[in-house]
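Please report on the metal sites and the surface of the model shown here, with the cut-offs stated for each term.

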Amino acid sequence: HIFLLIIIFNLSNSSNIDTNFPIVLSHNGKESSYFGASVTIAQGLRKSDLIVGAPKYSGNDHEKTGAIFACEIDQSNNATCRERSFIKDYQTKHDRAEYYYSDAVSGTSSAMKEPIIAIGAPGFSDWQGSVVVYHTANLDTASIMYDNHDYNSYMGYSVAIGQFFNDRVNYIAAGAPRSKETGCVKAEISLQPPNRLYKLNDPLKKCGDQFLEYFGASVIAVDVNKDRLMDLIVGSPLYSHSTKYRGDSGRIFVYLSLGRSFDSPSIISIEKNRGARFGSALASLGDLNYDGFNDVAVGAPYEDDGQGAVYIYFGTRFGLSKNYVQRIAASDQLSSLQLRGFGQSLSTGHDVDNNDYPDLLVGSYLSDKAILLRSRPVASLKVSIKFREHNENKVGDEITQINLKNQNCQLKSVDYSCFDVVYCLLFSGEFLPQNQKVIVSFEIDSKLKRRGFAEIENSELYQFDLEAVVKPKINRCMEPVTIYLNPKLEDKLTPMNIALRAKLSEEDQKSQFCKKCPILSNEPFALRSLNFETGCGDVHCIAELQLDVRSSLLLVVQGLNTELPLYVQITNNGENAYSTKLRLEIRPFVEVNQISSHCEDTTEEFAVIIDCDIDNPLETEQTKEIFFMFDLSKLSSNVQNITIDSSVTTLSNLSEKSNANQRIILDVKRFASLLLLRGEKSHQELYAGAGSREKEYVRFSSLLQVVKENYSSVDEVNIAFKIPSIAKNNFISFQPRINLENKPSRNFLMKCDYPKTKLPELPKEESFVDPSKESDVEKSKLRTEEPKVAKRDVSKQLKEETKNATAENEEILLKLNCETTECETVVCQIGPFGINHQTALLEIENAINLTGVENVFKTNYSGILFTIEVEAKITDKSINSDIYRAYLPTVFKRIPTPEAVSSWIIFASSGIGLLLFIIIFVLLLKFGFFQRKQREEMQRLMRENDKKRDFGATNVNETNRESSIGDDSS
Ligand SMILES: [Ca+2]
Ligand SMILES: [Ca+2]
Ligand SMILES: [Ca+2]
């Protein structure tokens, strides 16, 4: 059965009958003559006659008596068919015989086997039917075989002659398709024909088993299993496979001869072809493919809605192949000929074109054509491969392993390891051309590993075709192909494959039928592999790898540990470890600072992957060490740990003792603290007391430095400013404004929540009480320059200052703070801070409402100590934060009242003025100034002096005011 399968596999799609170049036989003129209802190839000495019967042909003087045509094919493959008259001659000579074989004349059936010609005559004796048997040496006499009890059986509808049994005598098998309602075939030993009727007494009889299946519509005798005993094949074209398929799909019975009788039949059908009438015609083709077994064609003339098809089956030692090897369909390969009824008749295979291969004539009677299909030689081609050491001077020794250390080839002055592939082709079959061109396709390292290449016309190729010429029946070895091994090849363990496929060149077959061009019965293929020398005894290397990954850090403190060192050690305690590789996967992504040249890093979204080539091979007892350094300075603040997955792999097998995978998880901790400092600035303001001031408020601003200390970054710091604001329904201060004066980085932000408050809006900048020139300068400095960090804690400083103030001016400083007044709280979020030290500078702008203060606190005080309380906390969840406190004091000093000094100066000035006037008046009087002219002049002077006095009084007032700020200009 395996043998069978191989044949089916190789040739399931086609045998060697060519369908590209069919020769069409037809006759000129009358259609519907059923030209092609019977076909045969009559072999003469010099040439073959193609005989085609046309049973409904009407000649000039006859009414549809039928005709026989003989066709010839000329050099250019054109067929000419002429009506032959020898049967008619025969009729006229033997008038009495006319009745008996009129149906035979119309081409119903005939068989010939020297020395007998048998012609079926199914209409004989009221359709009992008969077979008329002639002796070739004497056509004048015939015997007539019949069965006189089986009326209407149509015996002779088909006929065959064969030596079926060990007795080696010719039997005549006659189909009687209407016998016993199923159809039968009756066989009887043929007698030498005397001119008499021969009655079948005890015929060897086979019948069908389905009602009206028309068993015996066709019959042939052929030895399909090469045991030199003819086998009987019978067609039942009206067999219906099942009720599902309405019928007439047809089948054939193959009876193998057992020597004395026939074996039980094997049945072949093409089940799905409804109405195909498979088995309508049968033909022994002879040995179509020269495998020693005779082959058979079966016609199914109504397949594909009446177009028809022919199926080819190969003989085998088990009988006829169950599956066809070629289907020649009018609807398919021959569709251009528009045939109908193709396969109604089939010729016995004869070689028409002298290529020693049998050809097949197929009748297509419904289209009045017969088709000659020619066969091409069948060949098999076998490919074999050998590996040899490459040697320029002699034939190298056959090798079984690749030794990569032996670099015995040179290509473009580079040394390579190499070897030779010797390939041989065995071309076999019958009647093959003496020189056959073959195309051999090479595939080196066929799993596409590309570890080796051949150099062909200056290019390095992994796949290529070579041409070769073979001769029949000679195993021909071709010029070796040198394979160069890629110096960088990875896999030194998997054997290297060389695959070869071969096919016959098809150059000659494109435009016309090539009768000498063979068809391959197999698909020539060879695959051989060559092992590498491994040092492990064979290709099974068992490595024992020990992976050890360590870091000197047990914990990562963000900001403090800016680098992560990693040491990897790989040791092989087993056999050679080929293509040993290390993979590290570090999550989250960290930048690689230092990496070995054997390694490559790949960045992924949340990881960095490092692949290293350790060695190929990492030999027994070898150790490799690799060092890596990763940059942690940009580690994001939300990273909680760093995972390092490492694994080592090898193409060798890993022993169970190996330790090839390791995971390290390093926790990432964060430490950070805050330092709150008062910005370096005068925090003293002056103000005038009630009644002497122009404005009721004094604007001021406090500066707070927020210093983030220690290692880690901080995303957010929460700061609350508590500002004294209301006392006994009087507002003390205005709506505060918090400004970010200086920030440590570009992305640093501040966001403040101001309380919904009844406090009035902060007065505008231009109406600001003039601060001293000094503080103006200082403020502008602070805006442009990095603020100087005070050395001491604000809160301590404040306490000391408050102490001093109270010590020196006890009872004089009014303390405004959250204990003495209601405070408004403004909450701000600032961040982010980077690692190490970073400072942000905040300004709190406000103004003190003096009237409000004086309304509530009527005591006699010389200044006000206004204190803003600050509370700060790091809000990052991963940082344990304290609450940091600070106090921002501002001292407002009252300007001393200048009133007493002012009135005394006015009084003194008036006195001096009056004294001067009296002296001048006395002097004028003494010098007679009060004469007429003198009086007038005096009066003018006095008026002027009056004006001067008014002017002088104004001046005094202004001078007084200036002196109130301590600059005595009088
Ligand atoms: Ca046989
Ligand atoms: Ca065969
Ligand atoms: Ca031929």
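Asparagine 225 is buried, with a relative accessible area of 13%, where buried means under 20%, exposed over 50% and partly exposed in between, for a 1.4 Å probe and protein chains only. Aspartate 231 is likewise buried, at 0%. The model is predicted, with local features needing pLDDT of at least 70 and side-chain atom pairs pLDDT 80 or more, while totals for chains, interfaces and linings use all residues. Residues are numbered from 1 along each chain as written, chains are lettered from A and ligands numbered from 1 in written order, and side-chain values use heavy atoms, without hydrogens and water.

The calcium ion (ligand 1) is coordinated at 2.2 to 2.5 Å by Asp223 (OD), Asn225 (OD1), Asp227 (OD), Leu229 (O), Asp231 (OD) and Asp231 (OD); donors are N, O and S atoms within 2.8 Å of the metal (3.2 Å for Na, K and Ca), and sites may look incomplete because water is not among the atoms. Along the chain, the donors follow the spacing D-x1-N-x1-D-x1-L-x1-D.

## Calcium ion (ligand 3)

For the calcium ion (ligand 3), the coordinating atoms are Asp351 (OD), Asp353 (OD), Asn355 (OD1), Tyr357 (O), Asp359 (OD) and Asp359 (OD), at 2.2 to 2.7 Å. The donor residues are spaced D-x1-D-x1-N-x1-Y-x1-D in sequence, and asparagine 355 and aspartate 359 are both buried.

## Isoleucine 918

Isoleucine 918 lies in helix H9 (residues 899-926), helices being DSSP runs of H or I with at least four residues, numbered from the N terminus. With a relative accessibility of 45%, isoleucine 918 is partly exposed.

How values were computed. Helix = DSSP H or I, 4+ residues; strand = E, 2+ residues; numbered from the N terminus.
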